Amino acid sequence: MSGPGEAVQAVTDKVKELTTQDADKPKLLLDEVTGEQVSKSELKKRQKQREKAAEKAEKEAARAPPAASNPKKRSAEEDEGKLEPHQYFEMRSRAVKRMKDTQSPNPYPHKFSITYDLTRLVEDYGHLKKGELAEDKPVAIMARVYNIRESGENLRFYQVGYDGFKCQVMAQSQKSTSIVPFADQHSIIRRGDWIGVKGFPGRTSPKAADNPGELSIFCQDLQLLAPCLRQIPSEHYGFKDAEERHRKRYLDIMINERSMKTLIVADEIDWYIRNYFRSNGFRHMNTPILNKNAGGATARPFETHHNDLNMTLSLRIATELPLKMLIVGGFPKVYEIGRIFRNEGADLTHNPEFTSCEYYEAGADVNDVMDRTEELVEGMVQKVCGSLNTEFHTQHDEVYQVNWAKPWKRIEMIPALEEACGEKFPPGETMHTDEFNEFLKRMLKKTKVECTPPLTNARMLDKLVGEFIEEKCINPTFITGHPQMMSPLAKYHRSEKGLCERFEAFVCKKEIVNAYTELNDPFDQRLRFEEQARQKGQGDDEAQTLDEPFLEAMEYGLPPTGGWGMGIDRMVMFLADHYSIKEVLTFPFMKDVVDNKDKVRAAEIVDVEPMEAQGVGHK
């Protein structure tokens, strides 16, 4: 057994052994470029190789042509289009924030004076020949940039658009009159930006002899008016997803020319109808949207609550009743174009909020209304489309050739249904009875037509009409001879008991107009409203309610009157050739989507602090 002295000696010998081994190993040094530990000789070897590579790169850079002297700036502009949307958004937001901070330039100026309507360019200057410039015709235009093309440092081409019209802006450094250097002025412009351009019209002079040149605005001064922080869809891929287009209607209109043209058609239809009625002695009236009772149509209303009065109110489902009350008051010809709200589903032809036109004319009957309908619609189609023959494509790729010329075809409802069902219908005066209800149930079963509850006489008859008559109405067609129980506001037929003087106009199997000789007998009107109340009791929540204020107005005397209601959006669908109503509405109704709460906003990216704002209530 060894003692303590021997153990200490053993440890001392081991330490000496290890120290000797470390001294024999080569000393390692840190390579700061790679982070590796290497020998002194290896490090010197690497440093010499790097020095040679740097000298070679310096010589190559010196031999490079001047155009490539700033490759970083050029490649950055070229690569922006390849960035992910969030990367582009962050980069552009910071760039615009720098402009805001330095005011060089102010990216959001207060005003830009437009002196020329760009949409008139072809009309006013289309005669210019190749290379011809109208330098004596200075213009100031505003437009959105859709594409940018560079040709060297001193020449830029912009494809711009304004109010549905697109043209080229050509910017040359030698024609610039701005105190801002050409490169600084143009390098900040990106696709989607709004710009103001001062210059003159002209036609470019390309070298190719067979190229006539492009009608352009030659830019002398350019100003950024509103930068686009987000990437806009490219021309190659476009913006085609229907769901996204309807949610981001502004972007849809910006990118898709057809979407803008459709809304222009809607505006032209609105303008034509207003002009027609004004020129025929009608006055436009504005009737209430909020009502205690929603009447004038068979539909379920939206309801809201008035806090101060503690009242439940309904949004209007039609303008008929107040317009007829204005007839009672003494206006012989009235009409209104306005928004209607119905608490119903949204599909290809229905939207909970839509635009209708209703007109009422004292002294007229259903025959006068038919004549006016043909006259108005024929003139409108000719004006808007330039022809009375139009084409309509359905969602099933069917193509309907429509001739809008008058006179329109007329179909009597009951005889047409008798032919379709192969049976004689009961007399008109019995069509409100339970016996007729059983007859209609039997006809539905016989013809294998389904009708959802409640199975009221009106709903079942309407279902048969939709199946056997409306399906045949491609060209404009009047369906006439409706039973009184289907038409609580129409006057009884002069010769057919149980029927009323009413028509519906159909095109491409869809209703565009509902019209009648107006019921002006307050005794009969009360009975009709009571029948509607009975149907409501059967479960038809779309049936009309008894409107006492309207009945009281009728007791002061409603003169013989004719009128109708037209769905404006339906007309736009047919004349702009869209089978979906969402395509013709500025902002169609859409279901909610779950928003990304973590989505970064522009203000957060550039650390913009909110300003204090103190609102003042309406006085």
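Mentor: Let's start with R528, which is buried at a relative accessible area of 8%. Keep in mind that this is a predicted model. The side chain of R528 meets that of D524 in a salt bridge, 3.4 Å from N to O. D524 has a relative accessibility of 17%, and since buried means under 20%, D524 counts as buried too. Both residues sit in helix 15 (residues 522-537), four residues apart, or about one turn of the helix. Salt bridges can also share partners here: R245, R249, D252 and E583 are joined into one network that way.

K333 is partly exposed at 24% relative accessibility, whereas E361, at 12%, counts as buried.

For a pair out toward solvent, look at E123 and R120, which form a salt bridge with the closest N and O atoms 3.8 Å apart. E123 is exposed, with a relative accessible area of 60%, while R120 is partly exposed at 35%. The count for the structure comes to 30 salt bridges.

Charged groups meet rings as well. R149 lies over the face of F157, 4.2 Å from the ring centre, and K166 has its charged end over the ring of Y146, 4.0 Å from the centre.

Then there are rings against rings, with 16 aromatic pairs in the structure. One of them is F277 with F282, an edge-to-face pair with 4.9 Å centre to centre and 65 degrees between the planes. Both of these residues are buried. The ring centres of F478 and F503 are 4.7 Å apart and their planes are at 70 degrees, so this pair is edge-to-face. F478 belongs to strand 17 (residues 477-480) and F503 to strand 18 (residues 502-507), so the pair ties together parts that are 25 residues apart in sequence. F478 is buried at 0% relative accessibility, and F503 is buried at 0% as well. Going back to F277 and F282, they belong to one aromatic cluster along with Y276, Y335, Y359 and W564.

To put all this in context, the protein has 18 helices and 20 strands, and 42% of its 619 residues count as buried.

Technical notes. Residues are numbered from 1 along each chain as its sequence is written. This is a predicted model: local features need pLDDT of at least 70, side-chain atom pairs count only at pLDDT 80 or more; totals for chains, interfaces and linings use all residues. Side-chain values use heavy atoms; hydrogens and water are left out. Helices (H or I, at least four residues) and strands (E, at least two) are DSSP runs, numbered from the N terminus. Buried means under 20% relative accessible area, exposed over 50%, partly exposed in between (1.4 Å probe, protein chains only). Rings of Phe, Tyr and Trp (its six-membered ring) pair if their centres lie within 6.5 Å; planes under 30 degrees apart count as stacked, over 60 as edge-to-face and the rest as tilted. A charge sits over a ring if NZ of Lys or CZ of Arg is within 6 Å of the ring centre and within 35 degrees of the ring normal. A salt bridge is a side-chain nitrogen of Lys or Arg within 4 Å of a carboxyl oxygen of Asp or Glu.
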